[in-house]
Amino acid sequence: MYCFKPKADYSRLDFMLYHCGNNDCERNQSWGPGIRDYYSLYYVTEGSGFLTIDGQDYTIVEGTCFLIPPQVIVSYRPDLLNPWSYHFIGFNGQAVDDYLARIGLSVSSPISNCENGKKVEACFEYILESVNHPKSADLQAISGFYALIGTLCDHTEPQIPRIQTISRQADYIRQAIEYIETNYSRQITVEEISNHVGINRKYLTKLFNEKMDNSPKNYLIQYRINKACRLLKQSTLSIQEVSHSVGYTDALVFSKIFKKVVGTCPREYRSANFTS
């Protein structure tokens, strides 16, 4: 897998590419249930697998593209009797929704059949080969991505799912996750989260355990610690300031939880991972 390094302020660009690769990097690997904060587009070159988005199940076969949107509960796995191979790319940007609409992909219609797989594969290969152009890798990659979107626009036919309703349980979990992501810097509790969603704490915990294989409390802790890791790597904030930024008023408590989750204390983590 190749990860792209920003060369500009991507917040003003139509697209920003995160990574690109194929499943030689993650052979027969299942993912989820969970959410991402960016879009992922997959093209299956052989074999088959299974995709679940917001409680809706799909069977994915050779020659199929499928989209994983951000902030939606997703899981996928290979068919063990006929494991899939695929290309994938992660991206975001100002124009994503408009371009995806042109190729007919969305949360309610996340899969499409491709009539010219060789052209699609060629676009992915072009993007991956951008690493061979150090001075213009970002430009080469985004050029390949536009070609990929154009190829899909010309050669794909969206599949209309039989059921397009979002399950109520998945919606409860999504609301809880969105609340955590926008309020993690405060001293929020699982009780507060469940009140926001409109269900009791025990039912929210039951849903998380069933759908996310995790509890709301642990999800909140992991989300906070992930944010703390980013701040420790990319900022000069003190440990106390990082602690407050992710919802812990007591830096000692924060350090203990951080070490339990990450395996090292915040100071040692920063020393090993800080990037100026």
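Colleague: Against which helices do the buried residues of H6 pack?

Modeller: In this predicted model, helix H6 spans residues 201-211, and Leu 204, Leu 207 and Phe 208 are its buried residues. They lie on the same side of H6, because they cover an arc of only 100 degrees around the axis. The buried residues of H6 pack against helix H4 (168-183), helix H5 (190-197) and helix H7 (216-234).

Colleague: Which residue caps the N-terminal end of H6?

Modeller: The cap involves the backbone nitrogen of Lys 202 and a side-chain oxygen 3.2 Å from that nitrogen. The residue that supplies this oxygen, and so caps the N-terminal end of H6, is Asn 200.

Colleague: What is the relative accessible area of Asp 54?

Modeller: Asp 54 is placed in the loop between strand S5 (48-53) and strand S6 (56-61). Although not a glycine, Asp 54 has a positive phi of about 50 degrees. Most residues other than glycine have a negative phi. Asp 54 is buried, with a relative accessible area of 3%.

Colleague: Which element gives the most to the lining of the largest pocket?

Modeller: The largest pocket has a volume of about 970 Å³ and is lined by 30 residues, with Ile 35, Asp 37, Tyr 38, Asn 226 and Arg 230 nearest its centre. Two or more lining residues come from each of strand S2 (16-22), strand S3 (31-34), strand S4 (39-46) and H7. By class, the lining holds 14 nonpolar, nine polar and seven charged residues. With nine residues, the element that gives the most is H7.

Colleague: Which element gives the most to the lining of the second largest pocket?

Modeller: The second largest pocket, with a volume of about 150 Å³, is lined by 13 residues, and Pro 33, Thr 52, Gly 55, Ile 73 and Lys 211 lie nearest its centre. Strand S8 (74-78), H4 and H6 each supply at least two residues of this lining. With three residues, the element that gives the most is H4.

Colleague: What is the omega of the cis peptide bond between Gly 32 and Pro 33?

Modeller: Pro 33 lies in strand S3. Most peptide bonds are trans. The bond that joins Gly 32 and Pro 33 is cis, with an omega of about 5 degrees.

Note on methods:
Residues numbered from 1 in each chain as written. Predicted model: local features only at pLDDT ≥ 70, side-chain atom pairs only at ≥ 80, totals over all residues. Heavy atoms only, no water. Buried < 20%, exposed > 50% of the residue type's maximum accessible area, 1.4 Å probe, protein only. Helix = DSSP H or I, 4+ residues; strand = E, 2+ residues; numbered from the N terminus. Arc of directions from axis to C-beta. Contact = heavy atoms within 4.5 Å. Polar contact = N/O pair within 3.5 Å; in protein donor to acceptor, adjacent residues only side chain to side chain. 1 Å grid on protein atoms, 1.4 Å probe; cavity = no way out; pocket = protein on both sides within 12 Å on 5 of 7 lines; lining within 4 Å. Points joined across faces, edges and corners; volume = space filled by probe spheres on them. Nonpolar A, V, L, I, M, F, W, Y, C, P; charged D, E, K, R; others polar.
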